[in-house]
Amino acid sequence: MSILELYIHIPFCEKKCNYCDFVSFHTNYEVIDKYMNKLLTEIEHKAYLAKNYIISSIYIGGGTPSLVDKKYISFIMDSIKNYYKLDENVEVTIEGNPNSLTNEKLITYYESGINRLSIGLQSANDEELKVLGRIHTYNDFLTAYNSAIHVGFKNINVDLINGIPNQTPNSYKKTIRQVLMLNVKHLSVYNLIIENGTPFKTMLAENKITLPLESDMLKMDEITKELTDYHRLNRYEISNYGKVGFECRHNLGYWSDVPYLGFGLNSSSYFEKKRYKNKVKLQDYMNLNFEKYLYSDNQESYYDEVKIIDEIDHMNEYIMLGFRKTSGINIDDFKERFNKDFEEIYAANIKYYQSLLLLCKKDKNYFLSEKGLDVSNSILSDFMISK
Ligand code: SF4
């Protein structure tokens with residue numbers, strides 16, 4: 001049986017962070033209750049799609065899933081267990097913010113079968129947290145982290161951001177050191193990107209924030225490399241580091257062409273040669289009648305977008321995502337999927353980037369070097385095949 005991943009989107013947050021352009025917002029209990037019930041009907045009534053698949057991972061993301069009443073998370077887990085076939089080692093992650101991950105919620109998550117936590121810390125410096133518009137302190141994180149360990153969670157990811165306004169390499173070093181001292185098994189480190197439509201975009205235009213210099217950003221990347229190496233967290237993707245056996249199975253699936261079904265507002269699915277984008281407007285999503293999905297003559301109307309993936313799209317996506325992993329692309333796997341020779345199709349690019357030491361080959365895998373990962377965007381755009 002083929003494997004399939006599930007993604008569940010909970011779009012609510014207590015307050016919007018200054019850098020965030022995700023589909024997430026603050027709302028009241030009534031809206032949350034209606035949304036969660038709609039989400040449950042979607043999970044139940046699309047289950048038939050997965051009848052020939054076994055679920056290898058589930059990711060409950062947001063927004064802030066830890067914000068909603070713990071009973072909804074139990075309901076989601078019960079529904080998935082009732083209607084889907086789960087792998088006996090299924091990885092189940094929930095995202096949470098330090099101030100809403102209470103001990104009671106953590107116990108419920110653990111008892112419902114969730115076995116991985118992803119905590120959005122972002123910085124261990126309270127001043128930097130304020131600048132980001134976060135509503136927790138480092139101490140809140142420590143309380144949540146220690147409770148999670150106490151409850152029994154062994155697989156915990158911590159999210160960090162670097163490049164925060166006014167952040168220095170030294171303050172970043174302090175943050176990552178403090179986190180690694182906790183013996184975390186997995187770390188995600190993202191460079192801050194100033195996205196359109198965010199408060200940071202306006203603040204930057206009005207000179208109200210100052211971003212670290214490019215040279216300082218490079219120093220922060222060096223610090224990440226040095227300290228994760230020291231603590232034996234392997235970089236297995238551009239922004240992700242894990243101890244052996246703690247790499248995120250769900251994300252590795254995304255980067256390795258594993259199909260997935262997304263549930264909830266604005267979630268995406270990649271399933272049987274099509275990409276689907278769920279409704280992005282809350283009212284549109286709430287108006288859907290998932291009870292009728294199975295028998296609908298127009299299932300496409302349940303989505304904002306449905307795109308057929310032809311072979312060129314598929315190859316481009318495979319390259320784009322595969323090269324994010326430090327293990328890169330396996331030529332036998334490429335051959336099996338596309339019945340084409342990777343070294344023949346990309347011969348000119350391979351030669352060029354190997355000569356610049358940005359692309360390496362080991363056994364049957366091509367992968368970007370450390371330097372190549374830092375400039376991956378321009379390399380990947382060269383590998384794209386146009387139609
Ligand atoms: S908690 Fe996460 S999803 Fe919510 S506003 Fe902040 S960054 Fe965005």
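This is a predicted model: local features need pLDDT of at least 70, side-chain atom pairs count only at pLDDT 80 or more; totals for chains, interfaces and linings use all residues.
Good morning. I shall begin with the ligand. Which residues lie around the ligand? They are C13, K16, C17, C20, F22, S24, G62, G63, T64, N97 and G120. Sorted by class, this shell consists of four nonpolar residues, six polar residues and one charged residue.

I now turn to the strands.

Let us take strand 5, residues 156-162, together with strand 6, residues 186-191. In which sense do these two strands pair, parallel or antiparallel? Strands 5 and 6 pair in the parallel sense, over six bridges. Within this pairing, I161 has Y190 of strand 6 as its bridge partner. Between the two strands the chain passes through helix 6, residues 169-180, and this β-α-β crossover is right-handed.

Opposite L187 stands Y241 of strand 8.

Finally, please look at the later part of the chain. There, three strands form an open sheet in the order 13-15-14, with antiparallel pairing. Strand 13, residues 329-330, and strand 14, residues 359-362, are the edge strands, each pairing on one side only. How many bridges join strand 13 to strand 15? Two bridges do so, and strand 15 comprises residues 365-368. The bridge partner of N330 in strand 15 is N365.

Thank you for your attention.

Note on methods
Residues are numbered from 1 along each chain as its sequence is written. A residue is near a molecule or strand if its C-beta atom, placed from the backbone, lies within 6 Å of it. Ala, Val, Leu, Ile, Met, Phe, Trp, Tyr, Cys and Pro count as nonpolar, Asp, Glu, Lys and Arg as charged, and the others, Gly among them, as polar. Two strands pair if DSSP finds at least two bridges between them. Helices (H or I, at least four residues) and strands (E, at least two) are DSSP runs, numbered from the N terminus. A crossover is right-handed if, with the strands pointing away from the viewer, the path from the first strand over the helix to the second runs clockwise.
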